[in-house]
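Colleague: I am new to this structure. Please show me how to read a few of its features.

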Amino acid sequence: QVQLVESGGGLVQPGGSLRLSCATSGFTFSGAFMGWFRQSPGKERNMVARIGPLGTPFYADSVKGRFTISRDDAKKTMYLQMNSLKPEDTAVYYCNRIGFNQDWGQGTQVTVSS
């Protein structure tokens, strides 16, 4: 059974930072293309960053230069370091394998507000 558990969200002021974690199980993490997604009220869930098995990262334009995606294959965990946060980053953040529209976790809420 694939399990994806996101954590690390919270309330932060604009310009602040958060580090999200995605603990995984039930699949071969080291060979998986992984991604971070977010969904804000009234909007679709969109990918903000992805990382391949070799560690090559890609970012949506909206977060490029501010977010950093990484992975630790030994821990089967993916991370998203979020810096210079903006109110527009407010959303529920999810992790998943790229191309797998199933097994979504509960997500972790990120709220950027003064």
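Modeller: A nonpolar core is a set of buried Ala, Val, Leu, Ile, Met, Phe, Trp, Tyr and Cys residues joined through side-chain atoms within 4.5 Å; buried means under 20% relative accessible area, exposed over 50% and partly exposed in between, with a 1.4 Å probe and protein chains only. This is a predicted model, where local features need pLDDT of at least 70, side-chain atom pairs count only at pLDDT 80 or more, and totals for chains, interfaces and linings use all residues. Residues are numbered from 1 along each chain as its sequence is written, and side-chain values use heavy atoms, leaving out hydrogens and water.

Colleague: Which residues have the most contacts inside the largest nonpolar core?

Modeller: In general, nonpolar side chains of soluble globular proteins tend to be buried together. Here the largest core has 25 residues, and Trp36, Met78, Leu80, Met82 and Tyr93 have the most contacts inside it. At least two core residues come from each of β3, β4, β5, β7, β8, β9 and β10; strands are DSSP runs (E, at least two residues) numbered from the N terminus.

Colleague: In what order do the six strands of the open sheet lie?

Modeller: Strands of a sheet pair through backbone hydrogen bonds, parallel or antiparallel. The order here is β2-β10-β9-β4-β5-β6, with mixed pairing; two strands pair if DSSP finds at least two bridges between them. β2 and β6 are at the edges with a single partner strand each, so one side of each has no neighbour in the sheet.

Colleague: Is Arg66 buried or exposed?

Modeller: Arg66 is buried, because its relative accessibility is 10%. This residue lies in the loop between β6 and β7.

Note on methods:
Helix = DSSP H or I, 4+ residues; strand = E, 2+ residues; numbered from the N terminus.
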